[in-house]
Amino acid sequence: MSVIPTWISIVGVVMTVLSPLLALGGVFLGAYLTRKSDRELDVWRHREETMRMVRWAVEQILEGEDAGTDAGVVTLRSLMRSELLQPEDYDLVAALTAAVAIDRIGASAYADIADTDIEVVEGDSDHG
């Protein structure tokens, strides 16, 4: 008569109970990592689309045509108030907008676009 030692039966029971729990833990870890990478990808996509819109708006403003300048300004105004623009990109977009748009459309029009906390300083022809 063969008797299974007690320690083997304990290991068998523990493995029977733990293996599904370990599998469930693996599923939760995989889901967490997938969600984290999806959030990072979403941030990257928003940033990419933001910079594409900024580039287009700046090109429109620099072309100097009235319709293009108006479209560029409207785009920048909408973008700066949009959820698409992430907080860490706001300062860059605001500074770029000021550098490009202030001489084209004037300080008063730019002040309407910019945040009320930003001070608008006009440059002269020697200093930009």
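**Entry 1. Salt-bridge network**

I began with the charged side chains and found Arg-47, Glu-88 and Asp-89 linked in a network of salt bridges. I note at the outset that I am reading a predicted model. Between Arg-47 and Glu-88, the N to O distance of the salt bridge is 2.8 Å. This pair links distant parts of the chain, since Arg-47 belongs to helix H1 and Glu-88 to helix H3 (residues 87-105), 41 residues apart. For the salt bridge of Arg-47 with Asp-89, I read 2.9 Å, again N to O. Here too distant parts of the chain are joined: Arg-47 is in helix H1 and Asp-89 in helix H3, 42 residues apart.

Arg-47 has a relative accessible area of 29%, so I record Arg-47 as partly exposed. Glu-88 counts as exposed because its relative accessibility is 53%. Asp-89 is buried, because its relative accessible area is 8%, under the 20% limit.

How many salt bridges does the structure hold? I find four. One of them joins Arg-52 to Glu-49, with the closest N and O atoms 2.6 Å apart. Both residues lie in helix H1, three residues apart, which is about one turn of the helix.

**Entry 2. Gln-60**

Is Gln-60 buried or exposed? Its relative accessibility is 16%, so I count Gln-60 as buried. Gln-60 lies in helix H1. Setting aside neighbours within four places in sequence, I find Gln-60 in contact with Gly-68, Thr-69 and Gly-72.

I checked the record: an unreviewed UniProt entry lists residues 6-33 as "transmembrane region". In the model this span is 100% helix and 0% strand, and its end C-alpha atoms lie 40 Å apart.

I also looked for nonpolar side chains on the surface. Ile-10, Val-13, Val-14, Val-17, Leu-18, Leu-21, Leu-22, Leu-24, Val-27 and Phe-28 form a nonpolar patch there, and together they have about 950 Å² of accessible area. I took Val-14 as an example from this patch. Val-14 is found in helix H1, and with a relative accessible area of 39% Val-14 is partly exposed.

**Entry 3. The protein as a whole**

I count four helices and zero strands, and along the sequence the pattern reads α-α-α-α. Of the 128 residues, 23% are buried. The accessible surface comes to about 9300 Å², and carbon and sulfur atoms account for 60% of this surface. For contacts between residues at least 6 apart in sequence, I note that 55% join residues at least 24 apart.

**Entry 4. Confidence**

Which element has the highest mean pLDDT, and which the lowest? Helix H1 (residues 6-63) has the highest, at 90, whereas helix H4 (residues 107-113) has the lowest, at 59. Residues 118-128 have pLDDT below 50, and I find that this stretch has eleven contacts in the model beyond near neighbours in sequence. For the protein, the average pLDDT is 79, and 77% of the residues score at least 70.

Definitions and conventions: Residues numbered from 1 in each chain as written. Predicted model: local features only at pLDDT ≥ 70, side-chain atom pairs only at ≥ 80, totals over all residues. Heavy atoms only, no water. UniProt positions renumbered as here; feature names shortened; annotations may be inferred. Helix = DSSP H or I, 4+ residues; strand = E, 2+ residues; numbered from the N terminus. pLDDT = per-residue confidence, 0-100. Contact = heavy atoms within 4.5 Å. Buried < 20%, exposed > 50% of the residue type's maximum accessible area, 1.4 Å probe, protein only. Patch = residues over 30% accessible without salt bridge, like charges linked within 9 Å, V, L, I, M, F, W, Y side chains within 5 Å. Areas by Shrake-Rupley, 256 points an atom, 1.4 Å probe, with all protein chains shown as cover.
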